[in-house]
Amino acid sequence: MSVNPMAYEAQFFGFTPQTCMLRVYIAFQDYLFEMMLVVESVILKKLDGFPDCKISPFQIRKSTEKFLLFMKEHFDKLFSKMEEVLLQLVLNIPKNVLLPEDKVHEQYPYSKEQFQALQDEIHQLQKQYRAEASAGQALRAELEEQKAVRAELEKILQWFDGLESICREHGTCNFKESFAFLTQNAKKLQGVLKDVEEKSKKIKKHDQLL
Amino acid sequence: AGGDGGPPAPAAPGRAQVFSTVVDTFLEKLVAAGSYQRFANCYRCFYKLQPEMTRSIYDQFISQLQTSIKEEIQEVKNEGNLEVLFNSLDKIVEEAKNQEEPAWRPSGIPEEDVRSAMVPYLLKHRSYLRKVLKEKEEENRKVAESVLAGRDRIAELQQLIQARKHAWQ
């Protein structure tokens with residue numbers, strides 16, 4: 001005979017039904033014994049008031065035992081019936097009943113594979129998010145750099161425009177051309193200087209060889 | 001008991017009712033078994049000596065026994081909060097009355113059982129991640145547009161500067 005541990009009931013009630021029944025049985029039995037002892041002691045005390053009577057404490061004890069034995073038999077039988085009813089009808093959860101706290105198991109019966117797939121999907125999403133986040137950081141960093149570069153370039157542009165407006169102010173519209181002519185000549189002079197240098201080097205070498 | 005005035009009271013008695021009835025029946029039958037006749041018969045000698053006393057002792061015994069038993073039951077009900085639990089269980093059973101299949105029970109293997117408990121959280125987490133990922137992608141798209149526009153602008157400025165430079169050559 002297999003013993004039903006009634007674990008699901010214990011989950012609900014916070015105690016095992018059988019333990020509860022046992023506790024109650026022991027308590028009831030204790031009261032019965034206690035009451036019988038009280039009855040016996042009361043009777044014995046009353047007997048003290050009748051010193052002539054021929055009733056011995058031993059006889060009283062025998063009577064008590066007789067009554068107690070009888071009571072105990074009926075007590076056990078009746079309690080057993082009560083326990084059966086309580087365990088079947090009151091302290092039990094029918095097989096088709098799911099406790100509300102366990103609803104998720106009905107709603108999401110995920111197998112190991114399905115669960116793993118869900119976890120994998122989440123890891124993937126986290127990776128993607130991290131990638132997007134660092135991409136965003138890089139983009140914003142470039143935006144900052146661009147700001148600085150743009151500022152520099154605009155400064156240069158402004159400088160050029162400033163030069164232009166100075167020319168206009170002093171009415172030397174040819175200033176640009178003469179400046180350009182000057183830079184050209186300076187370059188030509190540099191070229192000529194270089195030629196002269198090279199030629200003189202050659203002459204010196206020629207002299208040395210001689 | 002019942003009587004919330006709305007839907008009709010259930011035909012079957014609730015667990016609390018059955019509990020009380022069963023305990024009362026137990027007591028009744030126990031008292032019936034331990035009748036006065038039986039008591040007096042066991043204590044025959046004392047009964048012959050003091051019949052009234054015997055009766056009074058018996059009455060007290062029975063009354064005290066019943067009181068103790070009822071008190072114990074009440075204590076058990078209070079400690080276990082049984083009234084509330086019984087009513088709650090009645091409701092749960094009533095709601096499941098159309099379920100014919102045996103319901104889920106703990107498998108005894110925590111790793112297996114905890115999976116389903118975690119699923120709702122994981123699902124929530126997944127939808128959250130999907131949402132923020134989408135937002136981040138959208139955000140980055142806009143920033144990328146700005147970056148590209150910025151590059152164009154810088155190229156433009158560089159061209160303008162080159163043009164000025166050439167004008168001054």
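Me: What should I know about the numbering and the model before I start?
Reply: Residues are numbered from 1 along each chain as its sequence is written, and chains are lettered from A and ligands numbered from 1 in the order in which they are written. The model is predicted, so local features need pLDDT of at least 70, side-chain atom pairs count only at pLDDT 80 or more, and totals for chains, interfaces and linings use all residues, while side-chain values use heavy atoms, with hydrogens and water left out.

Me: How many helices and strands does chain A have?
Reply: Helices (H or I, at least four residues) and strands (E, at least two) are DSSP runs, numbered from the N terminus. Chain A has six helices and zero strands. Its pattern along the sequence is α-α-α-α-α-α.

Me: What are the elements of chain B?
Reply: Chain B has six helices and zero strands. From the N terminus on, they run α-α-α-α-α-α.

Me: How do I read burial, and what share of chain A is buried?
Reply: Buried means under 20% relative accessible area, exposed over 50%, and partly exposed in between (1.4 Å probe, protein chains only). Of the 210 residues in chain A, 28% are buried. For the 169 residues of chain B, the share is 33%.

Me: How do I read contacts along the sequence?
Reply: Contact means heavy atoms within 4.5 Å. Take the contacts in chain A with a separation of 6 or more: residues 24 or more positions apart account for 69% of them. In chain B, among contacts between residues at least 6 apart, 57% join residues at least 24 apart.

Me: How is a pair of packed helices described?
Reply: Two packed helices are described by the angle between their axes and the distance between the axes. Axes are lines fitted to C-alpha atoms, for helices over the stretch in contact, and angles run from 0 to 180 degrees between N-to-C directions. Start inside chain A. Helix H2 (residues 17-48) and helix H3 of chain A pack at about 160 degrees, with their axes 10 Å apart.

Me: Are H2(A) and H3(A) roughly parallel or roughly antiparallel?
Reply: Angles under 35 degrees count as roughly parallel, over 145 as roughly antiparallel, 65 to 115 as roughly perpendicular and the rest as oblique. H2(A) and H3(A) are therefore roughly antiparallel. By class, their contact has 22 nonpolar, three polar and five charged residues. Ala, Val, Leu, Ile, Met, Phe, Trp, Tyr, Cys and Pro count as nonpolar, Asp, Glu, Lys and Arg as charged, and the others, Gly among them, as polar.

Me: Is the crossing of H2(A) and H3(A) left-handed or right-handed?
Reply: A crossing is left-handed if the near helix is turned anticlockwise from the far one by less than a right angle, and right-handed if clockwise. The crossing of H2(A) and H3(A) is right-handed.

Me: At what angle do H3(A) and H1(B) cross?
Reply: Helix H3 (residues 57-90) of chain A and helix H1 (residues 15-33) of chain B cross at roughly 170 degrees, and their axes come within 10 Å. H3(A) and H1(B) are therefore roughly antiparallel. H3(A) passes H1(B) in a right-handed crossing. The residues of this contact divide into 17 nonpolar, one polar and two charged. Among those that meet are A:Phe75 and A:Leu78 in H3(A), and B:Phe19 and B:Phe26 in H1(B).

Me: Is A:Phe70 buried or exposed?
Reply: A:Phe70 is buried, at 17% relative accessible area. A:Phe70 sits in helix H3 of chain A. Leaving out residues up to four places away in sequence, A:Phe70 touches B:Ala33 and B:Arg38.

Me: Which residues does A:Arg23 contact?
Reply: A:Arg23 lies in helix H2 of chain A. Neighbours within four places in sequence aside, A:Arg23 is in contact with B:Glu72, B:Glu75, B:Val76 and B:Glu79. A:Arg23 is partly exposed, at 32% relative accessibility.

Me: Where is A:Gln146?
Reply: A:Gln146 is in helix H5 (residues 112-169) of chain A. At 4% relative accessibility, A:Gln146 is buried.
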